[in-house]
Amino acid sequence: MTETDREAPAGIIADIPLALSFDWRWKLAIAFAGALVLLLVFGMAQPVLFGIGVWGANVPYVWGFDLVNYVWWIGIANGASLFAAILVIRRHDLRTSINRFAEGVALFAVICAGIFPIMHLGRPWLFYWTFPYPATFEVWPQFRSTLTWDFWAISTHVIVTTLLWYTGLIPDLATLRDRSRSLRSKTVFGLFALGWRGSVRHWAYHQTAYRIVAALVLPLILIMQSTVAFEFATTLVPAWHDTRKPLHFVVTGIASGLATVLFIAIMLRRGLSLERYIDDEDIELMAKLLLAASLVIAIIYLEEAFTSVLSGPLAQETLLARLFDQFAGAYWAAILLIVVAPQVLWFERARSSLLVCALASASVLVGVWLDRFSIVIGGMQGDYLPSVSGTYLPTFPEWALLGGTLGLFAGFLLLFVRFLPVISMFETRHAEHGDGS
Amino acid sequence: MNKYDAYRTDFAALTGQQGPRLWRSLEELADTPEMRRFIEAEFPYINEARTDRRTFLRLMGASLAMAGLTACGDPTVAPLYSQPRGNWADALGQASTFASLLDLDGYGRGVLVETRNGRPVKIEGNPLHPASLGATDVFAQAELLSLYDPDRSQGAFYNGKDVDDRAAPRVLAEARAAFAPGGEGVRILTGPVTSPTLRALISAMQREYPAARAHEYSPIADDNSRAGAVLAFGRPVQAVHDFSRADVILTLGADPFGDMEGHVRHARDFADRRRAAHSGGMLPRLYAAESTPSLSGARADHRAVLRPAEIGFFARAVASRLGVVQDGPSDVHPMVETAAADLSRAGSNALVVVGREQPAALHALAYAINAALGASGTTSRYIEPLTAAETGHMASLAALAEDMAAGAVSQLLIIGGNPAYDAPADLDFADLIRRVPVSIHLGLYRDETAAAARWHLPRKHALESWGDGRAFEGTAGIRQPVATPLFDAFSDEEALALFLGADTHDGNDIVRTYWRDALGAADFEQSWTAILADGVVPNSAAPALDVSLQPDWDQQLPSEALPGLTVLFAPDPSVWDGRYANNGWLQELPRPLTKIVWDNAALIAPATAETLGLKTGDIASFNAGGRSLLAPIRLMPGHALETVTMPLGYGRRAAGRIGTGVGFNAYALRTSHAPWIATGVEVVRTGEAHALVTTQDHHGMEGRDIVRIVAPDQAVETPSTEPQPSFYPDYAYEGHAWGMTIDLDTCLGCNACVIACQAENNVPIVGRDEVARGREMHWLRIDRYHAGDVEDPDTYFQPVPCMHCEKAPCEVVCPVNATVHSSEGLNEMVYNRCIGTRTCSNNCPYKVRRFNWFDYSPPDPEPRNPDVSVRPRGVMEKCTYCVQRISAARIDAKLEGRRIGEELMTACQQACPTRAITFGDINDPASAVSRLKASPRNYALLGELDTRPRTTYLARVANPADPEGSG
Amino acid sequence: MSRAYGILAEFDSADGVVAAIRAARAAGYTRLDAYSPFPLREAADLLEQRTLIVPVIAVTAGLVGAAIQYYAQYWMNAVDYPINVGGRPLHAWPAFLPAAFIVGILWASAASLIGMLALNRLPRLHHPLFDAPGFERASQDRFFLCIASDDPKFDRAETIRFLERMNAGRVQEVAA
Amino acid sequence: MTQLFSRRTSRALRAALLILPVLIGAVAAGLYFYTRSDQAWNVGVAAPQPIPFRHDIHAGSLGLDCRYCHSSVETAASAGMPSAQTCMTCHSQVWSGVATLEPLRTSLALDAPLEWTSVHKLPDHAFFHHGIHVSKGVACETCHGRVDQMSETVKTETLSMGWCLECHRDPGPELSAPEAVFSMGDATQQAAGLPEDMLRLHDVLVDNLTDCSTCHR
């Protein structure tokens, strides 16, 4: 190759996956992630072998980390896809740098989330009974159940995100096919590039379809996140029985998705020295969005408190329980981390500091997890009959599931970084060519 | 219809001769004219052409034949067994029911035992038995589990070493061979004996060996009432209370519905009278003066919390108002006036009951009051003592201990009982046993006494042995075995016969022989079979004695009050005196008032605890008379001040895998001269703490309409059974529509329903730790609420089964149709379809659903109801309204071409002593449940949620006397 | 020599190739296609590339999918094994909608993406153009215009000359 | 640039992508039919028995009534297995000496049950009651087939839940007149009257037959 094309736009991006080997930091990271995945295996084996009694759950606390983690992960997934989809539809410049890995984040997060609906079952090996297949016992799923809705939502989310992500990759895979020197990687990339030639016709259909699906993802995400909320809101549990739950879940979900994308963006920029592609403008913009999201959440929290106060004794009791009873810590910590902490992003200097942005996004992520905890666990403490009481204490197998899914997520991300272009190269060329359309 | 039946019937008749008799079965077999009439009365449909009577005969013969059978697995699964002989019941795999008898401290409670293929699977009350009337208490239900207890003693042992099973007869024979002339030094120690056969054997012994002595001991036995009788009437008589005629009742430290002999019957009579009053009539009023909250106290309309010593003064005050005594203390308690006024108004329909803890003088006083009111003969009558120990059980044991200490005892046979554990601490009985040259212990377990005795012989369980016993009012009942002994063991009678070298030592022969003599040989077989079928000896109730007050009946009440606290000892509502310590059902049964499981605690008034700086869970050291005991505290609202109640029966050292080491042993503080009330006890807090596991942490109703209370003839406001407008269609339930009412006015919170449900539905035990995690599995729980001030709160009980809501919130959230509605309105739980999302439990406002967090299924040989699935790990379960009974009833009804009638009962309903639970078809306006649902007291729990529960409650009726005392 | 697939001209700027396309259209060439490392809106316009078909596919598939899902739910819960679930209606349409909508989206997205591949005649791993030296840069930083040999106006020498006039870089014949 | 893939590879990939869904469909269909097939449910498979008992001789040639051996079929959940004595009522005279009946004599002598292997085993969570089915006109043959022609006892139906539901959803066509319940073959065929007549005759209440608790408790 000549000098010119090494400087060629996207050359650097393409060279990452084509590099023969990665340095020790990547190896260390993937090793650590691998260790966490082993922890996940342990965490999944426990309930299967001995029963979900290994968790702290009981009656009335029938759910524990299983649901907390699920709601957290699915929120991240939905937030990230929603963000990516909006960028595509708005044809926003940010998409050039963000979309590819934002979609990746969504995909990996939804995979992590998808583990829990299966694992939380008393008999996980029978999860497929929620799928309507013609069994010899001729009993069908029960479609009025929000859990059934969620089954379809998750499956759809996984498939659509995967398709969207892959479609976006095809032209870049072609680039890799054509840049790669080793025949083996040429063949592999070539196979997945499906013989992309970048003809006018190719591009036309590709772009149309891509935009349409991005547009379809919007309602899908909104409905899906609402479905997750319905799993709580449609029950009689006083703390959950609330039509505003979907709003809460969507808003907090977006925040967690944003935070994750911002966090990963900073990691990639530092780790792969992609300053040229993920520039300060991008980071600053996302920081602003995160700040906005946290303000919206602040309003939501206030609004919930108000409506509960106005909604009669039972709602008031459950609110008081969430605020001051045994799980109050989670509630206040959530407010501190989601609402208060990000306020530093008002300051220009804070926004321009990668460290501060990273910390802010991390704090929002942890905060949203605590918010899930306070809703799921804290919600189950207030019941109709005072005689029903008890408490919930997470056990090690539950922590193992949380840590394990984090490891799984990191592992996917590292492999993605290693073998695929983390930034859409054709979009980059497009942008640098100036034809912003 | 089928010509081979004749052959089978003959065979059945043949096989029938030996084994025990089927309850209400022999009538058919005998098939005499009067029996025919009986059958036509009992089974009207039997004459309809389509049913052939032979089917019955075959059935019955079958069950007879089966009774002689060893347990042989579950018939419903492969492989199929061809029994060598005509055991039709094996093929039938159907229930056969036998009448038998279970005793508690010697007093018999008639039961019906349902067996499958020679395995008892369920115990119910015997409707013909006066102490049961078809109901049971928790202990009778739990005997089933004890029968299958793997920790039961399975063979003889000598000095703690196993010996050949066949050694046992030899041991007893050798002991006899070594008898001194006249039986000098021969001693027999039994529990309270009401059994005519056993008493005949004992008196036979005393004829043959004049110097031999028989002793009776039970740590719970009521000696004071008998001593009181001696004071009052100059002779030891026994009082029998008749609550069916009592309009005003005053209990003095007594719990006639909880732990007094005959409690099941008392409760039933009381409830019946209240029910009668709801449809017009005088509503009986209950006054309770007590130190420890009791079931009766919780039900009382007026309750006075008094220190043990004050109860005597209270009684005297009442007595003086009634003119029974001249010098009565004044202003003891405001309740004195109202109670006295009410009692005198009720006159011969008044009743004063005294607890076994109270001194003899107080009993005498009560007898005098009852006499003065003219109540003797109506609400209470007097009979000859049913147990032998005239001098009282404690004295009897003390005498034995004296002889043993003096070395005057050479051969000691301990039949049943566990004196090494439950004898008063001052006797140091275990050590005395070790000093006896030949000591033989016959026991169900290798317990503390077995360890102390030289020889231990395995004892047959009541359900395995022949015997008899008398009810609290004297009616004799026969105990027939319903299962072949699981091990090579002896019944009390058999052991005694062997010990005395009687010519026969076969339980069947012994009992038959006694009763042949007692009933007279004329057509004995005929009447005997009838007796076995019914389980009771007709009109054998003890005759009322004509007693009159002694002139010097009025003794001063002991009023020495030492400094320090007073400790009250009480039988435990779950393990009684300790004999049920190894029974998992009872250990996991929440104690009615404290909801503690797998433990006991020293109960103490909050105020007193505060002054002592103690709180629930703190371990305190109790010191008295040089003995000391460490026990955890549990604050008990409504408990007397400066008083501690210690439940007996825990701290067992050799109870078995379940009971050993559970709780603290209150016997360590008990002395033979003050067995019930220990004064001058010093309490020191240790700083240690002990986690008491309970199933209910909050005790108030937090101002919600959960348990409703109404005045007599008043309706509940906003009954909340009226369906509210709904988007959902109204499903029409043609045919049957099952529903239930639970009458909170008659519910005493005794737990019988809970344990009956556990037995019927294979509900597993999960153990202390799992309960601590909030994972108890009871399908039916009893919520207990306190209202009012903590010094003397009102206490309410509310049994909570599945409500079978017509708009069930649990069903709609299940993704796999694992919980759905039946065409008869049952909320069904399909275990084999459940994948365990637990959302249903989440969405159940009553939280009655239980989840199998681990594999809780009981291992064999647990008693198991073959009609109910054993639930695997990871599935939800809950009350089914005993759907297996509904199905059985439906099938029987269809086979016999009739409608399902009131014979269909849920397990909880059948066990309930007060008939507080009513179940049936709400589509049938004539059914009992429909009539009750029409009551103005009927309301739905959390009805405002419009879940339309099929289970509704009848409000409790508060019936306080108004200040004017006009009743 | 064998039959040619067409003549391929390489340009190093998007404007270059666009200009060439315009000229070729003017010159009356009809069977031509351009290749670029990123979408060229103008090129698409010049070649009158229509894509309306894609949304049509999406909408149809979505409606079909949603309909199937809804009917399946109705049939299973209200027709095949009707069960009284918590006293709710057998045909609980509000509860059947969310899943129907979601599955509709699933069908729509899948259809439009798979449809896109089909319309692009992909996968096609082997293509004459891949034999053309330098064509690998079509996916990186070069722009190509190809006039197919089945173009009525196609004349080997003439076409080559025409393209060279477009100050293209390398102009070459691609074998079929 | 050179071709990475040959024309054939290209075509192969396309073909593969087209065939894949077909393949998946085929596998699914295969599973669908296999799970409903006889061999999946051991239909027609005989089990090893302690005695080579032949229904075709006893019920067929000799014409013994089903209830002679399965005596509780009209009253109980289980149809019941004959006691050794029942067998001995005849076999003390006929074939009294033959070796194949040795287990029978042993059983009687040792008072030990004779262990047959059930071929009609239902899962533990399914509760079935022979008495009610028989009394409502479900003929033995309807579920057990022409037992009177079986030299070895085998299942003739899958006994799957779906199979049970077929009849529980619409019992009429499966019912026979009472007199024909214990007969086999033509007799039963003829006795099967009009479905609605049968439902009326046995007064079958259909609406609760598909309740879960009818079979699962």
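## Where chains C and A meet

In this predicted model, 65 residues of chain C are in contact (heavy atoms within 4.5 Å) with 59 residues of chain A. The two chains bury about 5400 Å² between them, and 70% of that is on carbon and sulfur atoms. Buried area here is the accessible area (1.4 Å probe) that two parts lose on being put together, summed over both.

What about charges and polar groups? Across this interface the rule finds zero salt bridges, meaning a side-chain nitrogen of Lys or Arg within 4 Å of a carboxyl oxygen of Asp or Glu. It does find 21 residue pairs in polar contact, both at pLDDT 80 or more. A polar contact is a pair of N or O atoms within 3.5 Å; within protein, one must be able to donate a hydrogen and the other to accept it, and residues adjacent in sequence count only if both atoms are side-chain atoms.

## A helix in chain B

Which residues of H8(B) are buried? They are B:Pro196, B:Thr197, B:Leu198, B:Leu201, B:Ile202 and B:Met205, where buried means under 20% relative accessible area (1.4 Å probe, protein chains only). Their packing partners in chain B include strand S7 (186-190) and helix H20 (507-519).

## Reading notes

Residues are numbered from 1 along each chain as its sequence is written, and chains are lettered from A in the order in which they are written. Local features need pLDDT of at least 70, and side-chain atom pairs count only at pLDDT 80 or more, while totals for chains, interfaces and linings use all residues; side-chain values use heavy atoms, leaving out hydrogens and water.

Conventions: Buried means under 20% relative accessible area, exposed over 50%, partly exposed in between (1.4 Å probe, protein chains only). Helices (H or I, at least four residues) and strands (E, at least two) are DSSP runs, numbered from the N terminus.
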